[in-house]
Amino acid sequence: MTTKSHDHAAKAKQFISNPEKAHWHDEALWFIREKRDKQVHSLPEWERLRELASQIKAHTISKLGSYLVAFEEHATALGAQVHWAKDGEEHNRIVLGILKNHGVQRVVKSKSMLTEECHLNPYLEKQGIEVVDTDLGERIVQLRHEPPSHIVLPAIHIKKEEVGELFHEHLGTDQGATDPDYLTEAARHHLREKFMEAGAGITGVNFAIAETGGIVICTNEGNADLGVSLPKLHIACMGLEKLIPRMEDLSIFIRLLARSATGQPITTYTSHFHGPIADGELHIVLLDNGRSALRLNRAFSEALKCIRCGACMNTCPVYRRSGGHSYSATVPGPIGSVLNPVQDAGTYHSLPFACSLCGSCTDVCPVKIPLHHQLLTLRNHIRLKGHLAWGKKMTMAMAAGVLGSPFLFRFFGGLARRALKTFPGLMNNRFNTWGKQRDLPTPPVTSFASWYKKNRRGDGA
Amino acid sequence: MSSRDNILVQLRQSTPEEEAYPDLNQSWTTYPDQIVKFQESVAGVGGHAVRLDSGADLTETITRMEVYQATKKVASCSTHTRIENTSLDNIFDPHALEDLDLFIADGSIGVAENGAVWLTDEKIPHRVALFITQHLILTVESRCIVHNMHEAYQQIATVRPGFGIFISGPSKTADIEQSLVTGAHGARSLTVFILV
């Protein structure tokens, strides 16, 4: 874990330095939000589904220990091997151990934010194991040596011209080619070779079912299924929070997941694995990495309900206009702005402030995590922990003084109205961070208090 | 103490109050004609769902299809047609299916709300056939088409060990500038025959 603090605003500034691309990014994500809305409006029971999903998750989290033990017991009975990892380091060690036991040199991996969280790829590569990300978007960012910028759409920040150049360099596609059909076809051939050579498939997990010991993986491309149906070794990596009690709970979650994520009624492939492939092995690695501690954190434990659909990112006005990389975290956007600073406030203290508190994330969240309330609460936690920047701390202290005293409020209000009119440069200069990329308002002629005194007082209104 | 025990101790200490498990037995959206809705949903996810009347012959229908006429290697695990020149039973290593052009299998449930077909690998010796094939044909009996996912999961509540999957449309991706492209890694096309 990095101990270096990072600044969302500084990274966002880089992103918006190309206004055309920033606008395109904003539109691309809003397009997905609109597709989501269309799906949502086709189901009259949508709000009921959200409520049930939220209740099932709350129930599961409250009994997480016994559900995990039940899951382990049932998965083991089906012939799977269950491993427990307290952190990313142990997780990676377990995965490496399994691969070494089987003498595997080449691995294909489907999309898994958890393995990103653990930095599994560089760890395995250091040991001489080739890891190929097979989700098209993840393959694109892997070839560019950068992390995904979105948990569902890893390459949402990349233009097709950039993909064309990248594929020309790595896959030998025609120079200047930008047609998505052509580029996807090239990736299909390139990755088919990788699938044929792989000695093991690593996947994430969308849902793990306590009563059956099964796991469920959802993809559109079919890459997870290809990756674990050719080799005899499947390693599935999951966070503790992926658990659900029963098979029938899937009827709720599968209806919500793809509609929320990409505006599809269901992903193309929704695969249920109960035990290993014939003559093969299935290893399930359960990762804690702060999740059990988050569960005990009353103010934020609901964040464990997250099913990683990405809807909060697609709708967030800040995410859409600042890009996923500005969060410098595996999980960006509103949910990332909760999860990361809760675990490491020193590094991620700027994230809860990258939010207008508009509440759109809370509105779309399929498991009803009160995201914008959590973000507001987090700001106070960050202040109490002493992570506020000096400028912000001083301004807040001054504002508290002025807003807490009617006399000072009247005095400075009058001063500001006059100064805004006469010397706008005094108010909006490089020291006023609120004035960046903003115009200050036209000052009103009088204060509200004097307007009220003149117009309303005494008329009984 | 092992990580397992550590994690479980942490999860059992000062456990929050138990939250109730909700009642999922509720009424959900149904459609006036679930077969028509199923066909619309399959079309909506990029596939084709075709009604095959009881008199029609599946084998003959498939041989008239464009995807069949262009194929070299065909395998079938369907009980409704023996159309194949490669038997999965005779294959030891699934990698040998790399050049499979067309695969036919039977689904046991169709879901009207999203066009998904449920099937298991009970009768499919190499499940990779579903994904490695260039084109996929599934069958589902019209009486097995349900309205929604709740009805579907009620039927698959008893789990057999092995693999089960909902397939809804052909393989697809929109990872390059949100342009929808079919045939990412799996089947480039999906046809579902509804057996009346």
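Across the interface of chain A and chain B, the rule picks out four salt bridges, a salt bridge being a side-chain nitrogen of Lys or Arg within 4 Å of a carboxyl oxygen of Asp or Glu. One pairs A:Arg259 with B:Glu113, where the closest N and O atoms sit 2.7 Å apart. Helix H10 (residues 180-197) of chain A gives the most to the side of chain A that touches chain B, with 11 residues; helices (H or I, at least four residues) and strands (E, at least two) are DSSP runs, numbered from the N terminus.

A word on the model itself. It is predicted, so to speak only of what was counted: local features need pLDDT of at least 70 and side-chain atom pairs count only at pLDDT 80 or more, while totals for chains, interfaces and linings use all residues. Residues are numbered from 1 along each chain as its sequence is written, chains are lettered from A and ligands numbered from 1 in the order in which they are written, and side-chain values use heavy atoms, with hydrogens and water left out.

Back to the interface: the contact (heavy atoms within 4.5 Å) takes 91 residues from chain A and 69 residues from chain B. Between them the two chains bury about 7,000 Å², 60% of it on carbon and sulfur atoms; buried area here is the accessible area (1.4 Å probe) that two parts lose on being put together, summed over both.

Eight strands form an open sheet with mixed pairing, in the order E8(A)-E5(A)-E6(A)-E9(A)-E8(B)-E5(B)-E4(B)-E7(B), two strands being paired if DSSP finds at least two bridges between them. The edge strands, each pairing on one side only, are strand E8 (243-244) of chain A and strand E7 (145-146) of chain B. Strand E9 (residues 269-274) of chain A and strand E8 (residues 162-167) of chain B run antiparallel and are joined by six bridges, with A:His274 opposite B:Gly162. Within chain A, three bridges join the antiparallel strands E5 (residues 207-209) and E6 (residues 214-219), and there A:Ile209 stands opposite A:Gly214.

Over all chains, a search of the whole structure turns up 30 salt bridges. Among them is A:Arg320 with A:Asp26, the closest N and O atoms being 2.6 Å apart. This pair links distant parts of the chain, with A:Arg320 in helix H15 (residues 317-322) and A:Asp26 in helix H2 (residues 19-41), 294 residues apart. Chain A is also divided into domain 1 (43-289) and domain 2 (401-459), with bounds from an automatic or database domain assignment. Their centres, taken over C-alpha atoms, are separated by 54 Å.
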